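Work through the exercises below on charged side chains. Each task is followed by a solution in steps.

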Amino acid sequence: VQLQASGGGLVQAGGSLRLSCAATGLNFSINTMRWYRQAPGKQREMVAIITSGGSTNYVDSVKGRFTVSRDNVRRTMYLQMNSLKPEDTAVYYCNTELRSRNFWGQGTLVTVSS
């Protein structure tokens, strides 16, 4: 299983970014997928989750601003991030679980300037 995250960058507060996570080596359409982030000096936290059926959930701090989606044909998960805040600055990782093993993408850095 390989997960390739991309789309991070530097953006001003209030701006938007769209992250992508391309997956190979698994039956993508049946896997629950997750976005995590890790800010400097903080523990990694789950930001968003999307099930195989398309159900979603978010950490409270991003509700109403972030939207997770998936394209099973392209085997890709997305995270649309709007109204970004400096506290959203972190490395963002995509994640999935297969046969009780966790798989992580390499991370993509999002920096939000004030």
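**Exercise 1.** Find the distance between the closest N and O atoms of Glu-45 and Arg-37, and decide which contact they form.

Solution. In this predicted model, the closest N and O atoms of Glu-45 and Arg-37 are 2.8 Å apart. The cut-off for a salt bridge is 4 Å. The pair therefore counts as a salt bridge.

**Exercise 2.** Which parts of the chain does the pair of Arg-37 and Asp-88 link?

Solution. Arg-37 and Asp-88 form a salt bridge, with 3.0 Å between the closest N and O atoms. Arg-37 belongs to strand 4 (residues 33-38), while Asp-88 sits in the loop between strand 8 (76-81) and strand 9 (90-98). The two residues are 51 residues apart, and the pair links distant parts of the chain. Asp-88 has 0% relative accessibility, so Asp-88 counts as buried.

**Exercise 3.** Locate Arg-65 and describe its contact with Asp-88.

Solution. Arg-65 and Asp-88 form a salt bridge at 2.7 Å, N to O. Arg-65 lies in the loop between strand 6 (56-58) and strand 7 (66-71), so the pair ties together parts 23 residues apart in sequence. Both residues are buried.

Note on methods. Residues numbered from 1 in each chain as written. Predicted model: local features only at pLDDT ≥ 70, side-chain atom pairs only at ≥ 80, totals over all residues. Heavy atoms only, no water. Salt bridge = Lys/Arg side-chain N within 4 Å of Asp/Glu carboxyl O. Helix = DSSP H or I, 4+ residues; strand = E, 2+ residues; numbered from the N terminus. Buried < 20%, exposed > 50% of the residue type's maximum accessible area, 1.4 Å probe, protein only.
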